[in-house]
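Thank you all for making the time this morning. I would like to take you through one structure, beginning with a pair of helices and then turning to a metal site.

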Amino acid sequence: MLAAGPACRNAGLGSGSEADVKAFLIEANDTMLRLIIEANQAGWVQNTYITPDTEAMAARASGAYMTAVTGFAKRAAEYDNVELPATERRQLAVLKNALTMAAPADPKEAEELAQLVASMEGMYGRGKYCQAGESDEACFDVEEITEILAKDRNPARLLEVWEGWHSIAPPMKKSYARFVELSNKGADELGFADTGAMWRSKYDMTPEAFSQELDRLWGQLQPLYLSLHTYVRAKLRERYGDQVPADGPIPAHLLGNIWGQDWSNLFDMVGPSSGAASISLTDVLRARKVSPAEMTRYGERFFTSLGFEPLPPTFWERSLFVKPRDREVVCHASAWNINFVDDLRFKMCIDQTAEDFTTIHHELGHDFYSRAYAGQPPIFRDSANDGFHEAIGDTIALSVTPEYLVKVGLIDRAPDASGDIGLLLRTALERLAFLPFGLVVDAWRWQVFSGQVTPDNYNRVWWELRERYQGIRPATARGEELFDPGAKYHIPANTPYARYFLAAVLQFQFHRALAQAAGCTTPLHRCSIYGNAEAGKRLKATLEMGASRPWPDALDALTGQRQMDASAMADYYAPLKAWLDEQNRGLKVGW
Ligand SMILES: [Zn+2]
């Protein structure tokens, strides 16, 4: 095969012929495919059977993949000035942007960078809050703290635990500052201004234009967020009195979540008192004894109803649906395509709950997407932009309406429209409340990577952004001896975050377009595209493109629009906004 020998290495920028580039791309595609499969195999075993050995093997395999891609990305940058057909040009561009962290050429610095990230991830993973002054040591990990913040209503206890979790982060601060230096050096060697600029270059537009896009989308949704914020603040004030201001930011520890990014645990406190009780899918699943595999079958049938092929038999043989009793596994749900073609799997410790029913659809979205683009060269086997991958399954989950549940026989009768506000408020507390946090995490990091924010004002700027976007404030002083950003997984793990904001916006844009294609005449939150061939055709065409075209082309194929548009989310929640504004009459909006 052509790819067997190393492609010839060009000495200077802009040199090399089209033939050189083609040979290079064959080598890059083949090598990446081989290394991804190895990393997937090792990663799967590690995730479903955690031992020190499987962890070492998985780290080795993913390290080999990262090193190879870094090398290919650097070589791709050498062909910037070669005349090329569009496909080859795009493969080089995607390759150059494939990394979230570029290792510096100096092997000692590269090694140091890899160790910094591994050690910060380790600090986060082992992070615990241990209560002082107890003879029996009482320590809480992130799951236990999450549980307390979700259920406890004693503000003193909530504050203590909230502060306790943030105490895991200060030891990371020095490492993080050094990590910023080294990863910027790697980004610079690839030709990017800094690591943040490298992340923002993934979107088929300039880094500056991408930042403006996010601001524009947020502008479309801010009025809706303000209505929700004002309403929730008033309800919290009823509960907690003067600890919650009438017109200022909400204290961060009272929102039912460590980061104030998901307020759904407040539903029992803020839900509407009148209207039909919304159906409890959790109760239905339990009463009918729907097994984890059967729950997954419902998700599969949704996709096949749209014209997708059923999942392969190996999916059912090889996936993990329940938590094993005899070994440690990573229960955090994830979807896999081991051979990068059709060895689809998923790994999840499924409970019979409505939440897990939704997560199943989310994960299957990843699986059906990755199989749909398997016909593309390996470099293009990815989503149109990273928001798309997270949005597909959630788009399907938006079609899990009461009417859909009737259609598939899970409930007998859909509740009437009097329950709609409750239905909408429940999801808004999760998806709408999330949006400003989805912006803050990278707004902070972009300024850190660019050098605009330095270690002596990490925490101050973090809280300024949280106040500006989320309308949230810490209850006690948070000085620079602390490192509050480090208490969020994606900071020590160096995972870009803007994708989650994009996914939250895109899923509603996708849903509105597919609902129109399916000829829905009901309000958006009551429309399901289940069984609609036209909607399925559009979805499939988009997924099959993978990353082969700039994302506006993929968006166009799905929605007929070339711009991301948050008005779909505003439309979806329009009935809720009217209701919230009614409740908020006489209250000050904003902070
Ligand atoms: Zn996902």
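Helices α20 and α21 run roughly antiparallel to each other, a term kept for angles over 145 degrees. Before going on, please note that this is a predicted model, in which local features need pLDDT of at least 70 and side-chain atom pairs count only at pLDDT 80 or more, while totals for chains, interfaces and linings use all residues. Residues are numbered from 1 along each chain as its sequence is written, and side-chain values use heavy atoms, with hydrogens and water left out.

Helix α20 covers residues 533–545 and helix α21 residues 551–559, and they pack at an angle of about 165°, with their axes 8 Å apart. On the α20 side the contact (heavy atoms within 4.5 Å) is made by Arg538, Leu539, Thr542 and Met545, and on the α21 side by Asp553, Ala554, Ala557, Leu558 and Thr559.

Now to the metal. Which residues coordinate the zinc ion? They are His362 and His366, each through NE2, and Glu390 through OE, at 2.1 to 2.2 Å, where donors are N, O and S atoms within 2.8 Å of the metal (3.2 Å for Na, K and Ca), and the site may look incomplete because water is not among the atoms. His366 in helix α14 (residues 354–372) and Glu390 in helix α15 (residues 386–398) link distant parts of the chain, 24 residues apart. His366 is buried, at a relative accessible area of 13%, and Glu390 is buried as well, at 18%, buried meaning under 20% with a 1.4 Å probe and protein chains only.

Conventions: Helix = DSSP H or I, 4+ residues; strand = E, 2+ residues; numbered from the N terminus. Buried < 20%, exposed > 50% of the residue type's maximum accessible area, 1.4 Å probe, protein only. Axes fitted to C-alpha atoms, helices over the stretch in contact; angles between N-to-C directions. Parallel < 35°, antiparallel > 145°, perpendicular 65-115°, else oblique.
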